[in-house]
Amino acid sequence: MKKKVTVWAPANIAFIKFWGKRDEELRLPMNSSISINLSNVFTITSVEFDENLTDDEVNLDGRVVSGKEKNRITKHLDRIRKMAGVNKRAKVESKNNFPAGTGMASSASGFAALSLAASSALEMRLGERELSILARVGSGSACRSIPDGWVEWQEAKTSNGSYAYSMYGLKHWGVCDVVAVVERAKKGVSSTEGHALVESSPFYKSRIARMKEKVRDIKKSIKEKNFSKFGEILEAEAINMHAVMMTSDPELIYWSPETLRIILKVKEWREGGLETYFTIDAGPNVHVICLERDAHKVEKLLRTIRGVRMVIVNRVAQGAHLV
Ligand code: DP6
């Protein structure tokens, strides 16, 4: 029997970042990370297994993919087939709600959606923890797009110990992530390649040495809803990760002139009483973190900055689910 399953999965933004793996194959992180799911940056994926297919067919945003891009997906489908004990090939159709080439990470939402859709299409009925572990092996940060709301991904030495869980649901705290998408510079080094360079930065060891403390402090600020403390930690954390990136060999510079322009604006707004903080992933876009009551104002202000191509307002969202 053929069964087509469609899944919605969000991207997520980390306040304490995943940068550096203790195991590349299993994608086990060196440190725990903390994130929220994003309501307006997501992937919708359909999967259908079919014994008449001789090969997996993968369509991403209306384009048939092949080569390296397809291999990563086939490899993930192979893991799922092995778990289920089946051999059938699959037809995968995936769409992001954000335009390609905007540098918005799609691997987190993509592998979260693929994990849930493919395992459901094979009627595997995995629990949230198992799904998170499965998504993690596809792309590390994807494990955080499985549970709802405010999420912690635990660092562990074994695969079974390293999964993400929901610390709080959607209603815990009205924090927003207003993303400023900027002009795209030349395509940078992928995060998978970047992770492998961490040891070459002289600052990586000291970054990791302070991680447990940072995770503890940010969790306390989230529990107490202390926005100033929360913002202070997340902003310093983003700069810390980028310092490691910039001092790797070869160096990784993900920022563009627009990135820095927005950073300086955020600081200016904050001095003027509009409490906002920034965080940045492996690309030039800036995520401006604010309280819900200020989201509209932040959106309008970001739109006035030269080089800002698009602004996306996100609330805290659910994790991956069937649609
Ligand atoms: C900078 O999860 O994309 O966004 O496991 O190689 O797919 P792979 O890496 P990925 O790395 C995310 C890096 C980051 C920080 C974060 O999201 O925590």
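This is a predicted model: local features need pLDDT of at least 70, side-chain atom pairs count only at pLDDT 80 or more; totals for chains, interfaces and linings use all residues.
Local features were taken at pLDDT of at least 70 and side-chain atom pairs at pLDDT 80 or more, while totals for chains, interfaces and linings use all residues. Residues are numbered from 1 along each chain as its sequence is written, and side-chain values rest on heavy atoms, with hydrogens and water left out.

Strands and helices are DSSP runs numbered from the N terminus (E, at least two residues, for strands; H or I, at least four, for helices). Two strands are said to pair if DSSP finds at least two bridges between them. As a general point, strands of a sheet pair through backbone hydrogen bonds, either parallel or antiparallel.

Six bridges link S12 to strand S10 (residues 175-182), the two running antiparallel, and Val-288 in S12 is the bridge partner of Val-178. Strand S11 (residues 277-279) pairs with S12 over three bridges, again in the antiparallel sense, with Phe-278 opposite Val-288. The hairpin that joins S11 to S12 passes through six residues. S10 is also joined to S13 by six antiparallel bridges, where Val-179 has Ile-312 as its bridge partner.

S12 is mostly covered, with six of its six residues buried (under 20% relative accessible area; exposed means over 50% and partly exposed in between, with a 1.4 Å probe and protein chains only). Val-286, Val-288 and Cys-290 point one way from the strand, His-287, Ile-289 and Leu-291 the other way, and all are buried.

Now for the cysteines: a search of the whole structure turns up zero disulfides, a disulfide being a pair of cysteine sulfur atoms within 2.5 Å. For Cys-176, the closest cysteine sulfur is that of Cys-290 at 5.3 Å, which is too far for a bond. Cys-176 is buried, with a relative accessible area of 0%, and Cys-143 is buried with a value of 0%.

Ser-32, in the loop between strand S3 (28-29) and strand S4 (33-50), counts as buried because its relative accessibility is 13%. Leaving aside neighbours within four places in sequence, Ser-32 is in contact (heavy atoms within 4.5 Å) with Ile-16, Lys-17, Glu-152, Trp-153, Gln-154, Glu-155 and Val-215. A polar atom of the Ser-32 side chain lies 3.0 Å from the backbone nitrogen of Glu-155. Asn-87, by contrast, sits in the loop between helix H1 (67-84) and strand S7 (89-96) and is exposed, with a relative accessible area of 64%. Asn-87 and Lys-2 are 85 residues apart in sequence and 14 Å apart in space, C-alpha to C-alpha.

How values were computed:
A polar contact is a pair of N or O atoms within 3.5 Å; within protein, one must be able to donate a hydrogen and the other to accept it, and residues adjacent in sequence count only if both atoms are side-chain atoms.
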